Amino acid sequence: LGYRWIAPSSEASTGWLAHRLSQGVVEGVAELGSDKTLWLEANACEQNGVSFTKGCYIGQENTARMHHRDKVNRGLKVVPLADAAPDAVRAAYPDLGLAAIFTRKPS
C-alpha cells in the first residue's frame with residue numbers, strides 16, 4: 001500500500017478506504033467473507049503475503065499445493081461498481097463507485 005497510518009486513535013482516518021480499494025486490496029469479513037475465501041484467493045501472492053520458501057505456518061501444505069498445481073482459479077478483485085455482476089459482489093461502495101467481487105481469474 002506504500003503507507004503506514006499512525007495517528008491518535010481519536011482521529012478518524014479519511015481517504016484510507018478509497019486508497020486501499022484503488023490499490024486492489026481487500027480486507028475484512030464484508031469483502032473476504034467468513035469461511036468463504038481461501039488465502040490465495042484473497043491475493044496473498046500478488047501482495048507478497050505468503051512465502052513458499054520459508055518454514056512452517058498453519059495451512060502451508062494446502063496453500064503450497066494450490067499454488068504449485070495452479071489451482072487458484074478464483075479470486076477477489078476491485079472493479080467499478082457499474083461493471084460488477086450482482087451475484088459476484090461481496091461488498092459495494094456506491095459513494096466511491098467501486099465493488100469488491102469474487103470471480104474467476106482469467107486463464
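**A walk through the predicted chain**

Of the contacts in the protein chain with a separation of 6 or more, 46% join residues 24 or more positions apart, where contact means heavy atoms within 4.5 Å. Keep in mind that this is a predicted model, in which local features need pLDDT of at least 70 and side-chain atom pairs count only at pLDDT 80 or more, while totals for chains, interfaces and linings use all residues. Residues are numbered from 1 along each chain as its sequence is written, and side-chain values use heavy atoms, with hydrogens and water left out.

Let us start with the overall layout. The protein chain has three helices and three strands, and along the sequence they follow the pattern α-α-α-β-β-β. Here helices (H or I, at least four residues) and strands (E, at least two) are DSSP runs, numbered from the N terminus. The C-alpha trace spans about 40 × 35 × 25 Å along its principal axes.

How confident is the prediction? The mean pLDDT of the protein chain is 83, and 92% of its residues reach 70 or more; pLDDT is the predictor's confidence in each residue, from 0 to 100. Among the elements, strand β2 (residues 89-93) has the highest mean pLDDT (95), and helix α3 (residues 60-68) the lowest (77). Where pLDDT is low, the predicted coordinates should not be read in detail.

Next comes burial. Of the 107 residues in the protein chain, 25% are buried, with buried meaning under 20% relative accessible area, exposed over 50%, and partly exposed in between (1.4 Å probe, protein chains only).

Arginine 20 is buried, with a relative accessible area of 4%. The side chain of arginine 20 reaches the backbone oxygen of valine 25 at 2.9 Å. This is a polar contact, that is, a pair of N or O atoms within 3.5 Å; within protein, one must be able to donate a hydrogen and the other to accept it, and residues adjacent in sequence count only if both atoms are side-chain atoms.

Now move on to the loop between α2 (28-32) and α3, where aspartate 35 is found. Most residues other than glycine have a negative phi. Aspartate 35, however, has a positive phi of about 60° although it is not a glycine. Asparagine 43 lies in the loop between α2 and α3 too, and its phi is also positive, near 70°.
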